[in-house]
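Here is a short note to read alongside the model. Please keep the structure open and follow the points in order.

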Amino acid sequence: INYLQLTKKVWAEIISEISAYPNFKKYAEMFNFDIRQLLNSMYYSRFVNTTRYSANRIENASYIPHGMLVLLQGTLDLMCSKNFDERELGKLRHLLIISQRIARIGNLYNTYSRELLERDSSSEVMLRFQEEFDYGFMFKLDKILNYERRYLKFEESLKKEWIQLFESAQLLAPEIKSINATMFLKEREFIQDAYLKKSDYW
């Protein structure tokens, strides 16, 4: 497979599709910006997995959530929206940024044990466990994973952070009048329930 040619073909098809959206031109630059954030999250993941000791929680929180695509999907939705008041754009992107972090927490809840076993340095769980056990924890990983209280403690911290972020999103949502932001948050709750059940789909 020629991956470069395949990527070019897929990208051309994506642009052909979204260029027909009613508000494509209005939000094209925002789309390009969000795509760059997605690619940057992937580049960051590669960077921390190839540069020893470089990973830290501040950079992780800045880059990795963009891989959840919430902000990018919101931009695509705006390209198709007829009634959105663009004066609310800042508030909407604020809400989407929070929702993107919420999505990452849900994903992490479902996948963190695998990411530990894979020694994935771009995973927040690696950083949290390093803080508790120092870098030597990787040599005791099997023992840690079998220590159930470590799992439960980490999962509870994720649930707490998810609730705090969701509550802040609920406060912001009513300020956005031109779209149904409250319904959007209900969809986030539905997705989080699937993560918590650790459904095979996820």
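Which helix gives the most to the lining of the largest pocket? Helix 9 does, with six residues.

1. **Basis of the note.** This is a predicted model: local features need pLDDT of at least 70, side-chain atom pairs count only at pLDDT 80 or more, and totals for chains, interfaces and linings use all residues. Residues are numbered from 1 along each chain as its sequence is written, and side-chain values use heavy atoms, with hydrogens and water left out.

2. **Overall fold.** The chain has nine helices and zero strands. Its pattern along the sequence is α-α-α-α-α-α-α-α-α. Helices (H or I, at least four residues) and strands (E, at least two) are DSSP runs, numbered from the N terminus. Take the contacts in the chain with a separation of 6 or more: residues 24 or more positions apart account for 69% of them. Contact means heavy atoms within 4.5 Å.

3. **Burial and surface.** The chain has 202 residues, and 41% of them are buried. Buried means under 20% relative accessible area, exposed over 50%, and partly exposed in between (1.4 Å probe, protein chains only). The chain exposes about 12500 Å², with carbon and sulfur atoms supplying 55% of that area. Accessible areas come from the Shrake-Rupley method with a 1.4 Å probe; for residues, only the protein chains shown count as cover.

4. **The largest pocket.** The space in this pocket is about 490 Å³. Helix 4, helix 5 and helix 9 are the elements that give two or more residues to its lining. The lining has 19 residues, and Q73, D77, L96, F184 and E187 lie nearest the centre. On a 1 Å grid over the protein atoms alone, a pocket is an open set of points with protein on both sides within 12 Å along at least five of seven lines; a cavity is a set where a 1.4 Å probe fits but cannot get out; lining residues have an atom within 4 Å of a point. Grid points are joined across faces, edges and corners, and a volume is the space filled by probe spheres set on the points.

5. **Helix 4.** Why is helix 4 described as largely enclosed by the rest of the structure? Eight of its 10 residues (helix 4 spans residues 70–79) are buried, so the rest of the structure largely encloses it. The buried ones are V70, L71, L72, G74, T75, L76, L78 and M79. Their cover includes helix 1 (3–18), helix 2 (24–50), helix 5 (89–117) and helix 9 (181–196).

6. **The cavity.** One cavity of 30 Å³ or more turns up in a search of the whole structure. The largest cavity has a volume of about 30 Å³. D34, Q37, L38, H66, L69, L71, L72 and Q100 line it. Helix 2 and helix 4 each supply at least two of the lining residues. Helix 2 has the largest share, three residues.

7. **Salt bridges.** The whole structure holds 10 salt bridges. A salt bridge is a side-chain nitrogen of Lys or Arg within 4 Å of a carboxyl oxygen of Asp or Glu. E161 pairs with R101, with the closest N and O atoms 2.9 Å apart. This pair links distant parts of the chain: E161 is in helix 8 (residues 148–172) and R101 in helix 5, 60 residues apart. R101 counts as buried, at 13% relative accessibility. E161 also meets R128 in a salt bridge (3.0 Å, N to O). Here R128 lies in helix 6 (residues 124–133), 33 residues from E161 in helix 8. R128 is buried too, at 13% relative accessibility. Salt bridges with shared partners join R101, E124, R128 and E161 into one network.

8. **A second pair.** D85 and R87 form a salt bridge through their side chains (2.9 Å, N to O). Are these two residues buried or exposed? D85 counts as partly exposed, at 24% relative accessibility. R87 counts as exposed, at 75%.

9. **R104.** This residue lies in helix 5. Its relative accessibility is 7%, so R104 counts as buried. Leaving aside neighbours within four places in sequence, R104 is in contact with I64, P65, M68, E115, S122, S123 and E124.

10. **A nonpolar patch.** I1, Y3, L6, V10, W11 and I14 form a nonpolar patch on the surface, with about 640 Å² of accessible area together. Patches are made of residues with over 30% relative accessible area and no salt bridge: like charges are joined within 9 Å, nonpolar side chains (Val, Leu, Ile, Met, Phe, Trp, Tyr) within 5 Å. W11 is found in helix 1. At 36% relative accessibility, W11 is partly exposed.
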